[in-house]
Amino acid sequence: MLIQLNTKQAKLKAELQEYFEGLLTPALRTELNNPKHFEGGGPEFKKAMRTMGADGWIGLSWKKELGGKELSPIEQYIFVETVMRTGFPFPFLTTESVGPMIAEHGSDWAKEEIATKILRGELIFGIGYSEPNSGTDLASLQTKAIKEPDGYLINGQKMWTSLANFSDYIWLAARTDFEAKNHKGISMFIVPTDDPGFSMSAINTLGDVRTNATFYDNIRVPDSNLVGEINHGWSLITSQLNLERLALVNHGPVEELYRNVLKLAETTKINNDQSLADLSWVKHNFAQVYAGVEALKLICWKQTWIMESGQLNMAEASVAKVYGSEFFIEAYRLLMEIMGELSLLKNDSELSVLNAKLERMYRTASILTFGGGTNEVQRDIIAMAGLLMPRTR
Amino acid sequence: MDFSELTHQSEIRDSLDKILLEQCTPEKLKEFDVDFKHDEQLLSLLARNGYLGLGINEEYGGSGENLYDLGILFERLGYHAAPLSLVGCLVDVAQTIQKFSEEKTHLALIGAIISGEIHTSAILEPLNQDPENPLTRAEISGDNLIITGTKYLSELTSKSKSILVSVNSNEGVLLVLVDSNKVSISELATTANSPAFKVDLDSVNVDRSAIIHADGRGLEALKYLLQINMVMRSYLALGITEKMTSLVASYTSEREQFGRVIGSFQAVSHRAADCFIDLECLRLVNQQAAVNLNTNLDCENDALVSKIWAGNACHRISYSAQHLHGGTGVDKDYVLWRYCLLAKECELINGSASQNIDKLGLNITSNQ
C-alpha cells in the first residue's frame, strides 16, 4: 500500500513541470490572458502545439504502434494535472479522445492524414455531440447522415460545439439508422469546417468562454470520413468516458489555486501587524479547501489506480465526477471569500489579484456539474451500482 | 501508488465479521443498552484469536506494526456496534508505549493488553480545548511526581489496572502511567451508554520511572497519541457510517409507498448516493492517514483531515439515515438509533470537525 506517487511517477511529474516552464513563453502567457484566446487558437498557442508534437508530448494515451506513448492511466492523470496547473488550454479531447479513436478505427486516409497531423499538433477538433433537443439523453440525437453512392449527406444542428471557431474538423455523431433503437443507429464522422455547408453562430457564456451552435447544411463527405463501423458509433462515444470524466475533476487546478491564494493571503498586509492569512475565518476557509482537496486527490488517484489494473468501478467513477464538480464550486467560493471584493475585479483592472484567475475559475466551474454526464445521472448510477438500490424513474 | 489491501488484511476483515456477526446479536446489544457496556466474553474471544495484537510488533507478541490492520479492527467494531470501548487501551496505551517506551515494565503491559487485560488512558479534561496542553499538573521533587487534576471520558477505567495520564510539569508535558487504585473515579452516564469515567487525581504520588518516554519527548508522545486516537476513532466512524448507509440502501429498497419502493424515487436515492460519497471520502482519508502514520511519526494534518471527514460524515449520514427511515429510524426495536448515538460520540470526542478545521487552518498557514 502506497498512497503517494512512486519514484517513477514523481520523476515524470518533475520532468513535465520543467517542460511546461519552458513551453509557456511570456508571449504565449500574454496571448492566453486575452479572453478571445482563453481556450487557445491563437498563433502562439498553435506554435506551442507544434512544439509539443515535435517533442513527443501528444498522443500519451495512444498505443505505441500508432505512434503514441501508451502512458498508463496514472501517468496520463499526472500529465493532465501538470498541464492544468499551468493553465495551458491543452486540447485533450482532440489529442487524447478523438485522436486515438481515429488512429485505431479510422480509414486509411484518416489514419494517414488526420491521425498523424493530430500527433504533430497541427489539427484541432470540435466535438459535435449535443443538440438543441439532445443533451443528457444524447442517444436521442437527430442530425442525419444519409448514405449516398460514394459517401454520406449530412444535415442537422449541434449545440455547445466548443473550439469550433478555430477547429479544422468536427468529430460528429449522426444518425445513420432511423429504425434502430436510439443508441444503435449512430455513427461517427470527420466533418471539415471549411465545407461551404458548415456554419456556426457564437454562444457567449457566463465565464467569457466562447462556444458555438454549429449547422450542417447538405454537407457531403466521402466514405473514408466514417470512423468505425456504421451504426456502431455509440461505443466510440462512450469508450473513453471514464478517463474524460476523471480529467474534468483533476485535483491539480484547484490545488494550484489554493496554493496561490494562500501565498497571496500570507503576503497581503491588512494592518501593521497582520496579514490576511492571520484572520481566523480566513484560516478556516483555507482548511476547508485543504480537507476537500485531499479527498478529491485520493478519489482521483484511486480511480486511476483501478483503471491501471484494467478494472472499472462504475460507482466510484461517478463519485469522482459528483464530488469533484461540486467541490470546485464550494472551494472557489471559499477562496473568493478570502479575497473578498477584490475577487470581483477582472484581469485588466487596476487592483486585480492573481490575474483574476479566481473569479474566472468560479465563473467557468458551473458547467462541470451538468457537463460530462450530469450529476443527477451520476447519483442514479451511485445508488444503483454502489448501493444496489432500484432503478429510479 | 497502490491502494490494494494485502491478503491478510482482507482475511482479518472477513474473519472479524464472522465473529462479530455471531457475537453482536440484537438481543445481546439490547442487554448492553442498559448494562455496563463491556462485553468480557467478546473481549476474551478477540484476545484468544489474536485480534488485540493487531498493529503491535511481533517482538511484543503482536501481528506486526501496521496501523491499517488496527484500523480494520475498529472499522469492524464500529460496523457491528460491538459493546467494547478499546481506543484508550489498544491505541492510546499500547501504541504509544510501543513507539515511545524502552522500559521493560511498560513494554510488558503490551503483552498483557494483547491477552485481554485492560489498561486505559485519561487524556481529555472538561473544557480544555487544547489537549496538547494538559491542565493536570505534576510537581517533580527528586524521583517523585505529585499529580493533581481532573480527567474525563476515560474508557473502562473501573476495569483498568493502570491509567496513562497526560500532565504538565516544569519539565514540560509528560505521559505517566498511574496505578488505578491511586485515583478516584466516577462513572459518567453518556448518551451511547459507553463506559466513560471521570478521574480525579489528588496529589497522587508516582515514581519517575512511570514516565513512559525519554526525557524531553513528552509533547511528541502526546501529539502522537492524539493523532492515532483521531485516526482510529475515524475508523470506528467509518464502520458506523458504512452500516448506516447499508441500512438506508436495504430499507429504502423494501419499503413501499405510492405503490413502489421508496428507493426508486430520485429524491431518496440521491440522498443515499450522497451518503455513499461521504463514506468513500472518509474511507480514503483514513487510509491515507493510517498508511502515512506507519512510516512517519508526525502526520498531524492527515490525522486532522481524517477526523474532520469523520465528524462531517457521522453527522450527515446519521441524519440522512434517520430521515430516510422515517419513524423506523428512531424506534429502539430497530438498530439504527444505536448507530446514531455512536456516530455523535465519534464526531465529538477528541476534536469536532469545526475544532479541527481551526487547528488545520493554523497548521497550514503558519508552516509556510
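Is A:I381 buried, exposed or partly exposed, and how many other C-beta atoms lie within 10 Å? Keep that in mind as you browse these close-ups of a predicted model.

**View 1. A:I381 sits in helix α14 of chain A.** Here's the count: 19 other C-beta atoms lie within 10 Å of A:I381, so this residue is partly exposed. Being buried would take 20 or more. Set aside the neighbours within four places in sequence, and A:I381 is in contact with A:M314, A:A315 and A:S318. Check out A:V319 too: A:I381 and A:V319 are 62 residues apart in sequence, yet their C-alpha atoms are 9.2 Å apart in space.

**View 2. Chain A meets chain B.** Chain A brings 41 residues to this contact, and chain B brings 38 residues. On chain A's side, the elements giving two or more residues are α9 (252-267), α10 (280-308), α11 (314-339) and α14 (375-386). The largest share comes from α10(A), with 14 residues. Sort the chain A side by residue type and you get 25 nonpolar, seven polar and nine charged.

**View 3. A:L163 has a positive phi without being a glycine.** The angle is about 70 degrees. Look for A:L163 in the loop between β3 (151-158) and β4 (169-175) of chain A. A:L163 counts as buried because it has 21 C-beta neighbours inside 10 Å.

**View 4. A:L351 is a residue other than glycine with a positive phi.** Its phi is near 70 degrees. You'll find A:L351 in the loop between α11 and α12 (357-365) of chain A. With 7 C-beta neighbours inside 10 Å, A:L351 counts as exposed, since the cut-off for exposed is 12 or fewer.

Methods:
Residues are numbered from 1 along each chain as its sequence is written. Chains are lettered from A and ligands numbered from 1 in the order in which they are written. This is a predicted model: local features need pLDDT of at least 70, side-chain atom pairs count only at pLDDT 80 or more; totals for chains, interfaces and linings use all residues. Two residues are in contact if their C-beta atoms, placed from the backbone, lie within 7 Å. Helices (H or I, at least four residues) and strands (E, at least two) are DSSP runs, numbered from the N terminus. Ala, Val, Leu, Ile, Met, Phe, Trp, Tyr, Cys and Pro count as nonpolar, Asp, Glu, Lys and Arg as charged, and the others, Gly among them, as polar.
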